[in-house]
Amino acid sequence: MLTDADLRHLRRCVELAVEALEDGDEPFGSVLVSADGTALAEDHNRVAGGDHTRHPEFELARWAAANMTPEERAAATVYTSGEHCPMCAAAHGWVGLGRIVYASSTEQLVSWLTELGVPAAPVRPLPIREVAPGVVVEGPVPELAERVHDLHRRFHSAR
Ligand SMILES: [Zn+2]
């Protein structure tokens, strides 16, 4: 069950995804929130420069490793516009971050990209639970997922 605060953080992720899109990047955005509800760090996708590891969830996992204690990390939540890819789910698991809440799922993304005729990614689209089974995961959120779907449509129709 998502709270108003959860939805507020998720809406911020979607705004960050819009910022990524406006910068010519794939539309993904994420926010790292502490146990007391403070947004500690946020980022959006930055792969347009050619480094395809520049996903926001990966950046937040490394930020958390550098700036938070293990206890703080375990009690934190990562909100994201799209479910973590396997690379980011692994980073999340390795640094011991807590709950993940996503607006749209990997399963939705794969069906959207297939519909748009985008070639398959070089990494298998596994759900978070297949990569980091100990992490509590919530999502998708239908009304926000529809907005994320629209951002992917805009990104790929601009190519
Ligand atoms: Zn990723």
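This is a predicted model: local features need pLDDT of at least 70, side-chain atom pairs count only at pLDDT 80 or more; totals for chains, interfaces and linings use all residues.

These entries go from the sheet to the helices and then to the metal site.

Entry 1: I began with the strands and found five of them in an open sheet, ordered β2-β1-β3-β4-β5, with mixed pairing. Next I asked myself which strands stand at the edges. They are β2 (39–44) and β5 (137–138); each has a single partner strand, so one side of each is left without a neighbour in the sheet.

**Entry 2: around β3.** I then followed β3, residues 77–82, to its partners. With β4 (residues 100–104) it runs parallel, and four bridges join the two. I looked up two facing positions here: V78 is opposite I100 of β4, and T80 is opposite Y102 of β4. Towards β1 the sense is antiparallel, again over four bridges. On that side I noted V33 facing T77 of β3. How many residues of β3 are buried? I counted six of its six, so to speak a mostly covered strand.

**Entry 3: a helix over the sheet.** I turned to helix α1, residues 4–22. This helix lies across β1 (29–33), β2, β3 and β4. Relative to β1, α1 runs at about 140°.

**Entry 4: two helices together.** I wanted to see how α5 (residues 106–115) and α7 (residues 142–157) meet. Their axes come within 10 Å and cross at roughly 35°, and the crossing of α5 past α7 is right-handed. From α5, I listed Q108, L109, W112, L113 and E115; their counterparts in α7 are A145, V148, H149, H152 and H156. Sorting the residues of this contact gave me five nonpolar, four polar and one charged.

**Entry 5: the zinc site.** Last, I asked which residues coordinate the zinc ion. I found H55 through ND1, and C85 and C88 each through SG, at 2.0 to 2.3 Å. Along the chain, the donors follow the spacing H-x29-C-x2-C. The cut-off for buried is under 20% relative accessible area.

Terms used: Residues are numbered from 1 along each chain as its sequence is written. Side-chain values use heavy atoms; hydrogens and water are left out. Donors are N, O and S atoms within 2.8 Å of the metal (3.2 Å for Na, K and Ca); water is not among the atoms, so sites may look incomplete. Buried means under 20% relative accessible area, exposed over 50%, partly exposed in between (1.4 Å probe, protein chains only). Two strands pair if DSSP finds at least two bridges between them. Contact means heavy atoms within 4.5 Å. Axes are lines fitted to C-alpha atoms, for helices over the stretch in contact, and angles run from 0 to 180 degrees between N-to-C directions. A crossing is left-handed if the near helix is turned anticlockwise from the far one by less than a right angle, and right-handed if clockwise. Ala, Val, Leu, Ile, Met, Phe, Trp, Tyr, Cys and Pro count as nonpolar, Asp, Glu, Lys and Arg as charged, and the others, Gly among them, as polar.
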